[in-house]
Amino acid sequence: MSARIISGTEIAAQIREELKKEVAELKEKHGIVPGLITILVGKNPASVSYVTGKQKTAHELGFYSLQDDQPENISEADLLKLIDKYNNDPKIHGILVQLPIPKHIDEKKVLNAINPDKDVDAFHPVNVGRLMIGGDEAKFLPCTPAGIQELIMRSGFETSGAEVVVVGRSNIVGKPIANMLLQKGKGANATVTVVHTGTKNLEAHCKRADILIVAAGVPHLVKPEWIKPGACVIDVGVNRVGEKISEKTGKTVPILRGDVDFDAAKEIAGAITPVPGGVGPMTITMLMKNTVTSAKMAAGIK
Ligand code: NAD
């Protein structure tokens, strides 16, 4: 039987509707408007497209939202000063510096300069620590892992007691999602195994997974025979494997492939995310959710 397709596009749209209502209510009852600043250094086309998408979503949700474009040659000191300005701006609840930034600037210094209470990407070491501790300590969850957890929960998979295998140990996906799913609580309480380039028998681990989360960045790394029948498969990988002409627009667009062989895997899995249209649309949505949380925190609203 073919797997149920977990549509990130649909689930993200649902969450955005919920956020829109929450933003309208915050405005009406408390006079609060969530504020997001996106800082873009230089004109890297992929980065321009990412921040444009973030700004568009923020506006649609009714945020106070600004983009601050800075030249490629901005000095580290000036960028740090700019961050400090937004750290002290009460209208701004979320600060996002689009990565990558030019090599002459120390990325770590920049991310660490963001006030952890406005760090809606949740990359600041303080927020990474809060995530490890879990429970009420975790104020913001990093966006891609938070999106993965929502996809699992909203598609009805029980995480409590489940065998979860995470392929990949990056700081932005593998490590945080593994930490989130092993916490006690809703959408977690799982037995988590993290596999990576040092793992001896990837296939054997994957085969045990009730929930398999793959974030390796290797097209079709996971073969269909590695999947436990009925498992929930979350494919985070987005790999460009070529280009094609879009039937809709006539423009050249990249051919994207996930880390899982989707067509074959869907005959074995119980549910699976497509690429594109799976985890991708969730990431921006969770950034918006963090900004709303930050605005509420700043106003002392639970
Ligand atoms: P990364 O390169 O930082 O980490 C990849 C991890 O996978 C590493 O820890 C490595 O040990 C592991 N790995 C790589 N090859 C492996 C192999 N053959 N066997 C076992 N483990 C292996 O990547 P990342 O930033 O975590 O991203 C992973 C993928 O997810 C990429 O394709 C990226 O584009 C995608 N991604 C998508 C979103 C989204 O919003 N959809 C967000 C972040 C990342």
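Mentor: Accessible areas here come from the Shrake-Rupley method with a 1.4 Å probe, and for residues only the protein chains shown count as cover. By that method the protein has an accessible surface of about 14,800 Å².

Trainee: What share of that belongs to carbon and sulfur atoms?

Mentor: Carbon and sulfur atoms account for 54% of the surface. Before you go on, this is a predicted model, where local features need pLDDT of at least 70, side-chain atom pairs count only at pLDDT 80 or more, and totals for chains, interfaces and linings use all residues. Residues are numbered from 1 along each chain as its sequence is written, and side-chain values use heavy atoms, with hydrogens and water left out.

Trainee: OK. How many helices and strands does the protein have?

Mentor: There are 10 helices and 11 strands, taken as DSSP runs numbered from the N terminus (H or I, at least four residues, for helices; E, at least two, for strands). Along the principal axes, the C-alpha atoms fill a box of roughly 55 × 45 × 40 Å.

Trainee: Different topic. Where does Lys296 lie, and is it buried or exposed?

Mentor: Lys296 lies in helix H10, which spans residues 280–298. It is buried, because its relative accessible area is 18% and buried means under 20% (exposed is over 50%, partly exposed in between). Of the 302 residues of the protein, 46% count as buried.

Trainee: Which residues does Lys296 touch?

Mentor: Leaving out residues up to four places away in sequence, Lys296 touches Glu22, Leu26, Ile301 and Lys302, where contact means heavy atoms within 4.5 Å.

Trainee: And how far is Val33 from Lys296?

Mentor: They are 263 residues apart in sequence, and 9.5 Å apart in space from C-alpha to C-alpha.

Trainee: What share of contacts in the protein join residues at least 24 apart?

Mentor: Among contacts between residues at least 6 apart in sequence, the share is 70%.

How values were computed:
Buried < 20%, exposed > 50% of the residue type's maximum accessible area, 1.4 Å probe, protein only.
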